[in-house]
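This briefing sets out the fold, the domains and the chain contact of the structure shown below. Please read it alongside the sequence and the coordinates.

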Amino acid sequence: MQIELDDVTVRYARNAPAALDGVDIKIGSGEQIAVIGSSGAGKSTLFKLLTRSLVARHGRVTMNGVDTAAGSFREMRRLRQRIGTIHQRGDLIDVSSVRRNVAMGTLAGAGPRGAISLAAFGAPRDVARACDEALDTLEIAHLADSRVSDLSGGQRQRVAVCRLLVQRPLLILADEPTASVDARSATLVLESLERLAAANGSTLLLATHDVDVARRADRVVALAHGRVVYDGTADELTDDVVQQTYARARQAA
Amino acid sequence: MQDPSARPAEPRVPRRWLSRFGFGTVLAALLIWSAGGTGADPGLLVDEGAQQRIGAFVSGFIHPDLSGAYLAEVGRAMLSTFQISIVALMIGIVIAIPLAPFAASNLLVTRMPGLSLRRKAFAVVPYQAARNALNFMRAVPELIWALVFVTAVGLGPFAGALAIGVHAGGLLGKLWAEQMEAVDDGPIEAIRLLGAGRFGTIGLGVWPMARQNILSLTLYQWECNLRAATIVGFVGAGGIGQQLDVSIRLFQYSETATLILALLLMVFIADSVSTLIRRAVR
């Protein structure tokens with residue numbers, strides 16, 4: 001999915017400081033980009049903008065050529081269905097089973113009726129099989145019938161990735177997916193996201209505090225107080241550049 | 001010269017005591033005004049006539065009518081009351097199911113910043129309509145609904161069930177909507193992002209997370225329906241309330257005592273059944 005942000009400014013309230021301030025970014029289809037920045041830099045705001053959880057009043061955001069502010073509800077719903085998300089907290093339904101949570105990834109093509117059918121009758125056989133394959137990839141097939149509330153943080157993140165494997169989105173927004181998880185889960189999560197993006201030609205945006213994780217990406221965008229302070233390859237992302245980015249953020253604070 | 005280390009003199013009457021005195025005065029004035037308006041007179045409880053009337057009432061209660069014939073009649077009234085409460089609950093659930101999802105603010109799109117006024121207005125109309133309908137239904141007391149339905153369908157338990165059911169629908173719809181609003185936002189947003197519509201989001205996300213509380217509230221509403229079924233009987237809408245009305249008007253306090261014991265028994269049964277259902281569903 002191609003994304004363009006053209007001089008985008010976002011404020012959460014009229015007199016509040018800008019959460020994103022004159023941001024210009026062009027993202028090509030299939031790129032894997034790490035977004036780094038301290039807390040409050042604008043990473044989550046950028047992701048909310050792309051999922052249309054909020055709308056920029058100034059500037060323009062286009063996704064595959066469609067202006068997200070001007071598109072109809074139906075157009076935007078179709079676009080949003082091609083976006084897969086994974087957050088630090090997992091965003092899973094705790095009281096439901098692992099398999100049902102993964103099966104929700106198929107909602108993208110099924111529409112509102114599919115969602116009601118899934119809720120009422122469970123996943124059909126072919127969907128259940130695809131879910132089990134995804135769970136096997138992340139080494140948690142034995143947890144398919146377990147409740148999500150019984151899982152550890154690392155296992156929950158693996159379930160969230162399985163949902164993405166089943167959904168096969170065009171855009172993957174990963175908001176600190178490896179924070180607070182064990183090393184094995186972190187490795188599995190990152191490798192699965194990278195493989196999924198490469199296999200489907202999906203664009204991957206991964207927000208992280210971890211510079212080593214950021215260096216795995218093709219490109220790094222650094223944010224500080226809502227502004228882009230670095231946009232270049234991971235190779236050029238030296239320790240000095242990182243320190244300057246975070247120092248600038250501290251000074252501005 | 002004043003010693004700089006000396007503490008400033010305390011005011012004669014500390015400020016906090018002034019505010020407490022003022023608050024106390026206002027409260028006392030409010031109580032006196034309210035008592036005057038209601039004609040409150042504790043002396044009325046202790047005068048000779050009142051003592052005799054209370055005595056007659058209490059002596060009737062000490063000797064409830066436990067004759068076979070009367071107990072059979074009370075048993076039939078109890079069954080009728082249960083039936084009214086159950087039908088009323090079903091009516092309430094049927095009303096709440098379509099309205100509660102539209103009355104839950106977290107299922108609206110209007111909370112996005114930057115959304116145009118036109119789009120917000122379009123989204124908010126069903127929300128306001130649902131909330132206002134639920135508010136109207138629960139604002140009108142069951143007794144008034146009973147008068148309406150007795151006029152419409154005639155005296156008897158059906159009028160009572162309709163009256164209690166409409167009121168219960170308003171209450172349940174509001175309470176269910178509040179439970180839906182209280183669930184965690186993150187998973188709901190994720191499901192909506194995947195393309196589930198309003199009812200799909202409820203089926204997959206909201207209902208699993210809120211169902212325990214919704215079930216508890218619904219069972220509690222059934223108990224409230226039982227008590228309401230007693231009241232609406234006073235306007236001819238059937239059940240044990242009608243018997244209560246007759247026994248009080250005819251000063252048959254021993255029968256009133258039997259009916260109140262029957263009411264206690266019904267509430268105990270309802271509470272026990274509710275507990276069993278909650279445990280089974282957990």
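A residue is called buried if 20 or more other C-beta atoms lie within 10 Å of its own, exposed if 12 or fewer do, and partly exposed in between, with C-beta atoms placed from the backbone. This is a predicted model, in which local features need pLDDT of at least 70 and side-chain atom pairs count only at pLDDT 80 or more, while totals for chains, interfaces and linings use all residues. Residues are numbered from 1 along each chain as its sequence is written, and chains are lettered from A and ligands numbered from 1 in the order in which they are written.

**Chain A overall**

- Chain A has 9 helices and 10 strands; helices (H or I, at least four residues) and strands (E, at least two) are DSSP runs, numbered from the N terminus.
- The radius of gyration of chain A, taken over C-alpha atoms, is 18 Å, which agrees with the value near 18 Å for a compact globule of 253 residues; the globule rule is 2.2 Å times the number of residues to the power 0.38.
- Along the principal axes, the C-alpha atoms of chain A fill a box of roughly 55 × 40 × 30 Å.
- Of the 253 residues in chain A, 45% are buried.
- Two residues are in contact if their C-beta atoms, placed from the backbone, lie within 7 Å. Among the contacts in chain A with a separation of 6 or more, 69% are between residues 24 or more positions apart.

**Domains of chain A**

- Domain 1 of chain A covers 1–82 + 172–253 and domain 2 covers 96–168; these bounds come from an automatic or database domain assignment.
- The C-alpha centres of the two domains of chain A lie 26 Å apart.
- Domain 1 of chain A gives 14 residues to the contact, and domain 2 of chain A gives 12 residues.
- Helix α7 (residues 183–200) of chain A supplies the largest share of the domain 1 side, with 7 residues.
- That side of domain 1 of chain A has 7 nonpolar, 5 polar and 2 charged residues. Here Ala, Val, Leu, Ile, Met, Phe, Trp, Tyr, Cys and Pro count as nonpolar, Asp, Glu, Lys and Arg as charged, and the others, Gly among them, as polar.

**The sheet of chain A**

- An open sheet of 6 strands has the order β6-β7-β8-β3-β9-β10 (chain A), with mixed pairing; two strands pair if DSSP finds at least two bridges between them.
- β6 (83–87) and β10 (227–233) of chain A are at the edges and have a single partner strand each, so one side of each is left without a neighbour in the sheet.
- On average, neighbouring strands of this sheet are turned by 15 degrees against each other, direction ignored.
- Axes are lines fitted to C-alpha atoms, for helices over the stretch in contact, and angles run from 0 to 180 degrees between N-to-C directions. Helix α6 (residues 153–167) of chain A lies across β6 and β7 (171–175) of chain A, at about 175 degrees to β6(A).

- β7(A) is mostly covered, with 5 of its 5 residues buried.
- Leu171(A), Leu173(A) and Asp175(A) point one way from β7(A), whereas Ile172(A) and Ala174(A) point the other way; all are buried.
- In a regular strand the side chains alternate between the two faces of the sheet.
- β6(A) and β7(A) run parallel and are joined by 5 bridges, with Ile86(A) opposite Ala174(A).
- β7(A) also pairs with β8(A) in the parallel sense over 5 bridges, and Leu206(A) in β8(A) is the bridge partner of Ala174(A).
- Strand β3 (residues 32–36) of chain A runs parallel to strand β8 (residues 203–208) of chain A and is joined to it by 5 bridges; Leu205(A) in β8(A) is the bridge partner of Ile33(A).

**Contact between chains A and B**

- The contact takes 29 residues from chain A and 21 residues from chain B.
- On the chain A side, α2 (73–80), β6 and α4 (107–121) each supply at least two residues.
- α4(A) gives the most to this side, with 9 residues.
- The residues of this side of chain A divide into 17 nonpolar, 7 polar and 5 charged.

**Local features of chain B**

- In helix α10 (residues 240–249) of chain B, the buried residues are Ile240(B), Gly241(B), Gln242(B), Gln243(B), Leu244(B) and Ser247(B).
- These buried residues of α10(B) pack against α4 (68–103), α9 (198–232) and α11 (253–281) of chain B.
- Phe251(B), which follows α10(B), has a positive phi, near 60 degrees.
- Ala133(B) lies in helix α5 (residues 117–139) of chain B and counts as partly exposed because it has 17 C-beta neighbours inside 10 Å.
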